[in-house]
Amino acid sequence: MNEDDTVPHTHADDPLSAAVQQRDINILSMVRDALQSSNVMLAFQPVVQAADPTRPAFFEGLIRVLDSTKRVIPAKDFIAAIEPLPEGRIIDCLALELGCRALAENPSLRLSINISPRTIGHPRWEQIFALGAASDATMAERLIVEITESSAIEVPDAVSDFMDRLQVHGVSFALDDFGAGYTAFRHFKDFYFDIVKIDGNFVQNISQDADNQVLTKALISIAQHFDMFTVAEGVESEAEAHYLTHAGIDCLQGYLFGAPQLKLPEIKQQRTA
């Protein structure tokens, strides 16, 4: 064995790793520049009623970060990298700020906004919420905060306390990506989520996939037992929508019903979830 074979490769002699690392550095730099110049927007995706897909129950507000040419930087390229950094808190706060503005401008709008686990209890986020609630008496009851299942497991006490503080004001909570993690039911019973959003992996090809059918029916049954409103994520075909509707799902979300759009569509009267 050559002595050089025992030495770990560095980025200097691994062009692919060096290129990936440089790409990540460049993207993070673009995100930081965008945040400093407030080049962020919300994209709105409808969550439609299964009984009448022409009517949204609410919209999900998804943060979009723009580079210097106003092109969207794909979230998948940076979100995992910035989540543990201060920029992750900034993005969550900006998403809420933009959400509060949209709610104030559209009195018929019901909107969900995502929050990452490290932002739960963040003073700036709660200050933005307080200002929004003070300026619009109906804002809190039209706001839905989405918390991922993995977040609920990671910091259950913090999540529970956070939910208690905001539910007093009428805020609803959605458990996002339900089924993707391993929620302990001793915690699940204590959270009092209003909505559960079933992970899109269980929805994919559900009209043909017997495993997904069994698992999704079980998740719907659990949600119904706890009197929670159900949403199926990632619906992309009429066959999937048809099966889910007959399985008892309340709402459907996915590209079949609309991609996220930077301009909020005209809102018909929304049903309260």
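Confidence in this predicted model averages a pLDDT of 86 over the chain, and 86% of the residues reach 70 or more. Where pLDDT is low, the predicted coordinates should not be read in detail.

I turn now to helix 4. This helix covers residues 123-135, and at 1.5 Å a residue its 13 residues should span 18 Å; the end C-alpha atoms are 18 Å apart, which agrees. Which residues of helix 4 are buried? They are W125, I128, F129 and G132. These residues lie on the same side of helix 4, because they cover an arc of only 100 degrees around the axis. In general, an α-helix has 3.6 residues a turn, so residues three or four places apart point the same way. On the other side of helix 4, the exposed residues are P123, L131 and A134. The cover over the buried residues of helix 4 includes helix 3 (86-105), helix 5 (139-142), strand 5 (143-148) and helix 7 (156-167).

S38, which is not a glycine, has a positive phi of about 60 degrees; S38 sits in the loop between helix 1 (15-36) and strand 1 (40-49). N205, also a residue other than glycine, has a positive phi near 55 degrees. The loop that holds N205 runs between helix 9 (200-203) and helix 10 (210-225). With a relative accessible area of 40%, N205 is partly exposed.

Terms used. Residues numbered from 1 in each chain as written. Predicted model: local features only at pLDDT ≥ 70, side-chain atom pairs only at ≥ 80, totals over all residues. Heavy atoms only, no water. Helix = DSSP H or I, 4+ residues; strand = E, 2+ residues; numbered from the N terminus. Buried < 20%, exposed > 50% of the residue type's maximum accessible area, 1.4 Å probe, protein only. pLDDT = per-residue confidence, 0-100. Expected span 1.5 Å × (residues − 1). Arc of directions from axis to C-beta. Contact = heavy atoms within 4.5 Å.
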